Amino acid sequence: MFKKITSVLGTITLICFSFYYTDSAIDLIKKTDPIMKQIIEYSNDYGNTSTDSILINNNIIPGTKGTIVDIEESYNKMKRLGKFDKSLIVFEEVLPNLSISNNYDNYIISGNDTNRVSLVFTIKNSSYLEEILAILNKKNVMATFFIESNMFENSTDIIKTILTYGHDVELLDNTYEISTIKKYNSIKKTIANDTFSYCYTTTKNEELLNNCKKEKMHTIIPTIITGNYPYSDIKNSLNNGAIISFENNQNTVRELSSIINYIGQKGKKITILEKLLEE
């Protein structure tokens with residue numbers, strides 16, 4: 001019996017060693033293959049084109065994704081051809097070393113330095129909402145609406161209308177208690193088969209930040225918070241990546257169309273918050 005066990009163990013060990021040796025031999029052959037050498041040399045020259053997020057005093061601005069050479073996939077393609085061919089290089093996306101993807105500890109204050117900006121609306125009631133949606137629709141502009149919790153509970157038809165136009169909907173709350181987030185997340189899940197991604201605040205609030213962090217939501221502080229004269233506020237402060245915040249009031253309705261025109265004249269594209277903050 002002991003001899004049989006020893007024999008089986010020896011066979012298993014031999015098989016494992018055989019697999020290991022075979023894999024090692026294949027790796028060695030690949031490394032010495034002129035095609036592989038050229039791919040590795042190309043990848044070293046190409047490098048990683050991602051840029052890190054900018055982190056300053058608990059504020060963060062997203063970086064940008066980059067690309068690196070997928071050496072194995074490139075090799076597999078070229079091996080079938082039998083020679084190195086630059087056009088067959090395969091690239092894969094990589095996140096920045098410092099990324100917002102899993103960083104919920106800091107306040108996002110703008111998008112990265114591109115020609116995009118985002119309009120966000122804080123909605124506490126239905127006043128002027130129809131007019132705002134009509135302007136955005138006429139201008140073919142998508143926005144992000146932060147809607148107060150009582151409206152989520154009592155005005156689901158309004159939320160459905162906003163979503164139908166192609167806009168995004170997030171929760172607006174003073175503290176973002178975890179129980180509150182979970183409650184209204186379930187409502188959004190029912191309405192839109194989606195959950196919240198962002199918390200909104202105009203001032204730093206550690207309790208709020210921690211609550212949102214626990215629910216894996218990013219906390220934003222707008223770059224520009226408009227007041228009684230939104231057009232002037234934006235004209236004086238507009239920059240790349242700006243998150244521009246409006247209330248649903250007559251000032252916004254009065255100047256929103258002109259604001260959208262002005263942003264376009266400055267060569268900037270308006271997009272929803274999720275797109276603006278993509279790396």
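**Figure 1. Helix α2 passes helix α3 in a right-handed crossing in this predicted model.** The axes of helix α2 (residues 34–46) and helix α3 (residues 71–81) come within 10 Å and cross at roughly 140°. This angle makes α2 oblique to α3, because an angle must be over 145 degrees to count as roughly antiparallel. From α2, the residues Ile35, Met36, Ile39, Ile40 and Ser43 take part in the contact. Their partners in α3 are Ile71, Glu72, Ser74, Tyr75, Met78 and Lys79. Seven of the residues in the contact of α2 with α3 are nonpolar, two are polar and two are charged.

**Figure 2. The largest nonpolar core and a second, separate core are shown.** The largest nonpolar core contains 53 residues. Within this core, the residues with the most contacts are Leu119, Phe121, Leu136, Phe145, Tyr176 and Ile244. The second core is separate and consists of seven residues, among them Ile35, Ile39, Met78 and Ile89. In soluble globular proteins, nonpolar side chains tend to be buried together. When neighbours within four places in sequence are left aside, Phe121 is in contact with Ile132, Leu136, Ala143, Thr144, Phe145, Phe146, Phe246, Thr252 and Leu256.

**Figure 3. Helix α9 packs with helix α10.** Helix α9 spans residues 230–237, and helix α10 spans residues 250–265. Their axes lie 8 Å apart, at an angle of about 35°. On the α9 side, the contact is formed by Pro230, Tyr231, Ser232, Ile234 and Lys235. These residues meet Asn251, Thr252, Arg254, Glu255, Ser258, Ile259 and Tyr262 in α10. The contact of α9 with α10 comprises five nonpolar, four polar and three charged residues.

**Figure 4. Asparagine 211 is a buried residue of helix α8.** Helix α8 covers residues 206–214. Asparagine 211 has a relative accessible area of 8%, and therefore counts as buried, since the cut-off is under 20%. Apart from neighbours within four places in sequence, asparagine 211 is in contact with Thr175, Tyr176, Glu177, Ile178 and Ile181. Among these partners, Tyr176 also belongs to the largest nonpolar core.

**Figure 5. Aspartate 52 lies in the loop between α2 and β1.** Strand β1 is formed by residues 54–56. With a relative accessibility of 39%, aspartate 52 is classed as partly exposed. Leucine 98 is 46 residues away from aspartate 52 along the chain, yet the C-alpha atoms of the two residues are separated by 5.0 Å. Besides Leu98, the contacts of aspartate 52 beyond four places in sequence are Gly63, Pro96 and Asn97.

Notes
Residues are numbered from 1 along each chain as its sequence is written. This is a predicted model: local features need pLDDT of at least 70, side-chain atom pairs count only at pLDDT 80 or more; totals for chains, interfaces and linings use all residues. Side-chain values use heavy atoms; hydrogens and water are left out. Helices (H or I, at least four residues) and strands (E, at least two) are DSSP runs, numbered from the N terminus. Buried means under 20% relative accessible area, exposed over 50%, partly exposed in between (1.4 Å probe, protein chains only). Contact means heavy atoms within 4.5 Å. A nonpolar core is a set of buried Ala, Val, Leu, Ile, Met, Phe, Trp, Tyr and Cys residues joined through side-chain atoms within 4.5 Å. Axes are lines fitted to C-alpha atoms, for helices over the stretch in contact, and angles run from 0 to 180 degrees between N-to-C directions. Angles under 35 degrees count as roughly parallel, over 145 as roughly antiparallel, 65 to 115 as roughly perpendicular and the rest as oblique. A crossing is left-handed if the near helix is turned anticlockwise from the far one by less than a right angle, and right-handed if clockwise. Ala, Val, Leu, Ile, Met, Phe, Trp, Tyr, Cys and Pro count as nonpolar, Asp, Glu, Lys and Arg as charged, and the others, Gly among them, as polar.
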